[in-house]
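This report describes one protein chain, from its overall build down to a few selected residues. The sequence and the structure come next.

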Amino acid sequence: QVQLVESGGGLVQPGESLGLSCAASGTSGSIAGITTIGWYRQRPGKPREPVAAVTTDGRAEYADSVKGRFTITRNNTKNTITIRLQMHSPKPEDTAVYYCNAIVDPSVVVSSGGAPDYWGQGTQVTVSS
């Protein structure tokens, strides 16, 4: 089992920097089974969409809408993974509930019978002047 806890949302003015954090915790085996971990968001009236993600080897991918404005980083320990999404130049259209998502290696899913991915509870980000 993996628990994801998000923090750092809130109200920010356009252009002001804001950081979101997600802490993934669990047994060393469950944490080692996580491959890609990242962020999705759900804007009002829209479906949930990917924002940014980072792989085990540190490769980061971004949605075109946030490329160049957001940065995702990852820090691994034996029993935890912490990722941070730094929103350098948020815009009103970035207003959304942001969700942390962790994907588990398929071989671990099969051997453990656990979930293929995990979600955090979500944190609200509002960009408004």
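In the protein chain, 58% of the contacts with a separation of 6 or more are between residues 24 or more positions apart. The model is a predicted one.

**Overall build**

The secondary structure of the chain consists of 2 helices and 11 strands. From one end of the sequence to the other, the order is β-β-β-α-β-β-β-β-β-β-α-β-β. The C-alpha trace spans about 50 × 25 × 25 Å along its principal axes. The radius of gyration of the chain is 15 Å, which agrees with the value near 14 Å that a compact globule of 129 residues would have.

Buried residues make up 38% of the 129 in the chain. The accessible surface is about 6,500 Å², and carbon and sulfur atoms account for 53% of that area.

**The aromatic pair**

How many aromatic pairs are counted? The count is 1 aromatic pair. It is formed by Tyr40 and Trp119, whose ring centres are 5.0 Å apart; their planes stand at 65°, and because an angle over 60 degrees counts as edge-to-face, the pair is edge-to-face. The pair links distant parts of the chain, with Tyr40 in strand β4 (residues 34-42) and Trp119 in strand β10 (residues 117-119), 79 residues apart.

Which residues does Trp119 contact, apart from its neighbours within four places in sequence? They are Leu4, Tyr40, Arg48, Tyr99, Cys100 and Asn101. The C-alpha atom of Trp119 is separated by 6.7 Å from that of Ala102, a residue 17 positions away along the chain.

Gly26 belongs to strand β3 (residues 18-26). Its relative accessibility is 22%; buried requires a value under 20%, so Gly26 counts as partly exposed. Not counting residues up to four places away in sequence, Gly26 touches Gln1, Gln3, Ile31 and Asn79.

Lys91 is placed in the loop between β8 (80-87) and β9 (96-104). With a relative accessible area of 36%, Lys91 is partly exposed. With residues up to four places away in sequence left out, Lys91 touches Arg69 and Val127.

**Separations in sequence and space**

The table sets sequence separation beside C-alpha to C-alpha distance for three residue pairs.

| Residue pair | Separation in sequence | C-alpha to C-alpha distance |
|---|---|---|
| Trp119 and Ala102 | 17 residues | 6.7 Å |
| Gly26 and Leu4 | 22 residues | 9.2 Å |
| Lys91 and Gln1 | 90 residues | 35 Å |

Key: Residues are numbered from 1 along each chain as its sequence is written. This is a predicted model: local features need pLDDT of at least 70, side-chain atom pairs count only at pLDDT 80 or more; totals for chains, interfaces and linings use all residues. Side-chain values use heavy atoms; hydrogens and water are left out. Helices (H or I, at least four residues) and strands (E, at least two) are DSSP runs, numbered from the N terminus. The radius of gyration is taken over C-alpha atoms; the globule rule is 2.2 Å times the number of residues to the power 0.38. Buried means under 20% relative accessible area, exposed over 50%, partly exposed in between (1.4 Å probe, protein chains only). Contact means heavy atoms within 4.5 Å. Accessible areas come from the Shrake-Rupley method with a 1.4 Å probe; for residues, only the protein chains shown count as cover. Rings of Phe, Tyr and Trp (its six-membered ring) pair if their centres lie within 6.5 Å; planes under 30 degrees apart count as stacked, over 60 as edge-to-face and the rest as tilted.
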